[in-house]
Amino acid sequence: TPQMNTISSMFRSTIHIKQWYQRRVRGTSTPSQPTVKMCVECVKSVTPDRGTTCLDTGAYMMNFKGCKVCNEKQVKTTSLTREEDESGKEEVTFIHVCSKCSHEVSKHSYSFEIDGEFQEESMDCLLCGYGERSTSIDPYDPRENKLF
């Protein structure tokens with residue numbers, strides 16, 4: 001029923017919020033990445049499930065309620081960092097802030113790596129949501145066994 005789906009969705013969201021809080025807010029940042037106080041009051045849905053959508057730039061504006069401080073409806077990006085390690089894994093982080101008063105909305109993390117025959121991408125952000133994608137680098141994905 002629709003009501004059960006809503007309750008189930010709320011339960012999953014509550015669990016996801018707790019996991020997100022433990023990962024992101026409890027001082028799990030490194031010295032090169034300052035702790036960002038994420039603002040759940042500025043978003044419609046906390047870390048929505050975006051399926052396979054993974055953004056390395058931009059923002060999911062449909063989830064932005066507006067700045068709780070000044071009610072501005074636009075965000076901008078600050079503190080952009082791109083790092084690539086020797087194995088080729090690329091990590092991009094930046095902070096979504098209000099374009100008017102610079103109130104911090106959320107920290108956005110994106111990662112990309114080639115793992116064997118697959119490109120692995122992930123995104124985690126209070127505003128943009130959580131998403132993961134695995135794509136074959138071959139023209140035909142070996143995981144899809146299509147018989148002609």
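A salt bridge here is a side-chain nitrogen of Lys or Arg within 4 Å of a carboxyl oxygen of Asp or Glu. With that in hand, I opened my notebook.

**Ground rules.** I am working with a predicted model, where local features need pLDDT of at least 70, side-chain atom pairs count only at pLDDT 80 or more, and totals for chains, interfaces and linings use all residues. I number residues from 1 along each chain as its sequence is written, and side-chain values use heavy atoms, with hydrogens and water left out.

**Entry 1.** How many salt bridges does a search of the whole structure find? I noted 4.

**Entry 2.** I looked up Arg82 and found it paired with Glu90, with 2.9 Å between the closest N and O atoms. Arg82 has a relative accessible area of 46%, so I wrote it down as partly exposed (buried means under 20%, exposed over 50%, partly exposed in between, with a 1.4 Å probe and protein chains only).

**Entry 3.** Next I checked Glu121, which forms a salt bridge with Arg133; their closest N and O atoms are 2.8 Å apart. Glu121 sits in strand S4 (residues 118-125) and Arg133 in strand S5 (residues 129-136), so this pair ties together parts 12 residues apart in sequence. I took helices (H or I, at least four residues) and strands (E, at least two) as DSSP runs, numbered from the N terminus. Is Glu121 buried or exposed? Glu121 counts as buried, at 12% relative accessibility, whereas Arg133 is partly exposed at 30%.

**Entry 4.** Last, I turned to Glu41 and Lys68, whose side chains meet in a salt bridge at 3.9 Å, N to O. Both residues lie in the loop between helix H1 (2-24) and strand S1 (75-84), 27 residues apart. I logged Glu41 as partly exposed at 49%, and Lys68 as partly exposed at 43%.
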